[in-house]
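Hi,

Here's the structure I said I'd pass along.

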Amino acid sequence: MTNSKNDIYDVMVVGAGHAGIEACLAAARMGRKTLMLTLNLDHIGQMSCNPAIGGIGKGHLVKEIDALGGEMGRAIDETGIQFRTLNTKKGPAVRASRAQADKALYRQRMKMVLENCQNLTLRQGSVERLIVEGGKVEGVETQIGEQFYGRRVILTTGTFLRGLIHIGDRNFAAGRAGDFAVQGLSEELAKLGFKVGRLKTGTCPRLDSRSIDYSKLQVQHGDESPAPFSFANEEITQRQVPCHITYTNNRTHEIIRSAVHRSPMYSGSIKSRGPRYCPSIEDKIVRFADKARHQIFLEPEGLTTVEVYPNGLSTSLPLDVQIEMVRSIEGLERAEIMRPGYAIEYDYVEPTQLYPSLETKQVRHLYHAGQINGTTGYEEAAAQGLMAGINAVLSLRGEQPLVLSRDQAYLGVLIDDLVTRGTDGEPYRMFTSRAEYRLLLREDNADLRLTEIGHSIGLATAEAHQRVAAKKAKTSMLMALLEQTQINPTVEINKRLESIGSAPIRNQTSLAQLLRRPEVSGSDIAIFSEELNRFDPEVTLQAEVEVKYAGYIDRQMEMVERFKKIENFRLPEDLNYLDIRGLSREVCEKLTKIRPKSLGQASRISGITPAAISLLSVYLRKKKNA
């Protein structure tokens, strides 16, 4: 069906991966008539790579998506089959949640949520052309000539733009194994003035669980009490399963080295760059030649399938080499490959061509989210999709876009990095190390940071808003209790301290002072006051972090205040950087290309020196006072 110009959608989303899901749900839940167009309605929410959500930096994004009113956290809570908290021995800033998903169940659940969402229409079709009039997107056209019109369009095309799969010396067009590639849209974008590039990613062969000898493998269980991703959930109730660990060996490495010339990465067939932090197994063997072994995680793809994902064995080697390589690994000597691993090249659009709202600079009312922006990972895609959906609706309302700052959210760090620095020619992946204020941006306080914002724009529910208000109040109450409750240096008290591995006290001490000791946790001090046991675990954790890391948090807040001084120094959109004496031509070209919104954003552009920022600041102050 082709809709006429009199039958216009408010928001149209192209793609039904993790970015597309969050974008269309955000728009529809904020009350706008929304259309999702996708190549295959049966592949909504498909996990093309590993069957897992979360991880270092990525878990933070999922918590923030949930806090704003997104869907990913709730989906993995209902379909996860193993939950683990990573970095538990490290500080709270870098602790992260990760969960294995039942891949089929996750996909089915997401489709059900979309089909039952008010204001949302689903259609199957391959979008090959944008309808643009007067520099503004008006709609889209599919491969078979269907035209759909809408006020805002969000492209979430994943790896489908001229996708090309490589297995050894064979290659074929596909968006992922089993799905068609989209051929025409990249050319359309280039004609509209977008700089289009090429990236690569890859995936592992899938193994038949029945052919694996688990008796030779190390078992890895999930957490005894799995912690949910969504702040709305209190517990995980579905059955949990273990993963297993094995390792490559010298024989594996020899097989790979002898066949590396047959890998398209080394034969010259693939010229684009893949994710640096998730290299293929052949890349690992070449780059880390002195390493004796590499760890492989065997991750079940679901409760009702025999397919297993050997995380760490991403490869594009020929199938015969993949079989030999897999069978050289302990426990996998008789393993059967159900689906071969492969590399995929695809087009992306340089993200410095976006405003921080994710609207494109070249075409008004057009938004990009996900791998089209050069990112890798389900979580990064979902985060961008959510923000694009939100900002498309805010634009329709005539309101200012929601642009989260680097001290507010990993969402802010992600988008600021993309629109300011770009991808540097390789897929962008989120890490905690990318956030300079990571002690403020913890998983545990994502709701405190963002739910009020989500509620104010009409996305986070009233129940979520009330829950956060209650959490804030209880946390303040508990922190006051910790400061007020004093213990004396009695024999009994010091014996209790000894039992938890802490030194005795010599003077009257508050529980807050005790909690500041590195070896003392919130659960440890519960033995000193029965009142502490009446607080929920999430409140106890929140209070513990606030008390224990108060000094560090205060210092980061001081850094934020200094940062805001230049971040709030707005730059005129029509500023001619060539007028500023002392700026090099290269600096002028970069500033003109990015068009930073503030002095702070300008300072984060690659190649912009502190001296250039100083010249820019002086020029603007003089102009203001003239």
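Below is what turned up, going from the core to the rings and then to one helix.

Keep in mind that this is a predicted model.

The largest nonpolar core has 80 residues, and the members touching the most others are Leu114, Ile154, Met387, Ile390, Leu404 and Leu411. Helix H10 (residues 378-397) is the top contributor to this core, giving 12 residues.

On to the rings. There are three aromatic pairs in the structure. One of them is Tyr437 with Phe563, tilted, at 5.7 Å centre to centre and 55° between the planes. This pair ties together distant parts of the chain, 126 residues apart: Tyr437 is in the loop between helix H11 (410-421) and H12, while Phe563 is in helix H17. Tyr437 is buried at 5% relative accessible area, and Phe563 counts as buried too, at 11%. Tyr549 and Tyr552 make another tilted pair, with 6.3 Å between centres and 50° between planes; here Tyr552 is partly exposed, at 49% relative accessibility.

Two arginines also sit over tyrosine rings. The charged end of Arg293 is 3.6 Å from the ring centre of Tyr247, and Arg434 lies over the face of Tyr428 at 4.1 Å from the ring centre.

Cheers

Terms used
Residues numbered from 1 in each chain as written. Predicted model: local features only at pLDDT ≥ 70, side-chain atom pairs only at ≥ 80, totals over all residues. Heavy atoms only, no water. Core = buried A, V, L, I, M, F, W, Y, C linked by side-chain atoms within 4.5 Å. Buried < 20%, exposed > 50% of the residue type's maximum accessible area, 1.4 Å probe, protein only. Helix = DSSP H or I, 4+ residues; strand = E, 2+ residues; numbered from the N terminus. Phe/Tyr/Trp six-rings, centres within 6.5 Å; stacked < 30°, edge-to-face > 60°. Lys NZ or Arg CZ within 6 Å of the ring centre and 35° of its normal.
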